[in-house]
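Hello,

Here is the structure to be handed over. My notes on what was found follow below it.

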Amino acid sequence: MKATVLYYSHKGKTAFFAREIAMYLWSKGLNVSLSAISDFNTQKLNETDFLISGCWT
């Protein structure tokens, strides 16, 4: 199973939580991709089983 964690972080707090979520999923045996939304290649969505996204408010 493949999970993708996307984030948009203004001051780094959202990036921190995105990394924590990615590490948790990885510890459960998932293949995880972590990326800022601005750096993400949308072609990779075809390979993703789970998509998690977050941003600051």
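In helix 1, the buried residues are Thr14, Ala15, Ala18, Ala22 and Leu25; buried means under 20% relative accessible area and exposed over 50%, with partly exposed in between (1.4 Å probe, protein chains only). Seen down the axis of helix 1, these buried residues fall within an arc of 100°, so they line one face of the helix; the arc is that of the directions from the helix axis to the C-beta atoms. Lys13, Tyr24 and Ser27, on the other side of helix 1, are exposed.

This is a predicted model, in which local features need pLDDT of at least 70 and side-chain atom pairs count only at pLDDT 80 or more, while totals for chains, interfaces and linings use all residues. Residues are numbered from 1 along each chain as its sequence is written, and side-chain values use heavy atoms, with hydrogens and water left out.

Helices (H or I, at least four residues) and strands (E, at least two) are DSSP runs, numbered from the N terminus. The cover over the buried residues of helix 1 includes strand 1, strand 2 and strand 3 (50-55), where contact means heavy atoms within 4.5 Å.

The largest nonpolar core has 9 residues: Ala3, Val5, Tyr7, Ala15, Ala18, Ala22, Leu25, Leu30 and Ala36. Such a core is a set of buried Ala, Val, Leu, Ile, Met, Phe, Trp, Tyr and Cys residues joined through side-chain atoms within 4.5 Å. Helix 1 gives the most to this core, with 4 residues.

After helix 1 comes glycine 29, with a positive phi near 100°.

Regards
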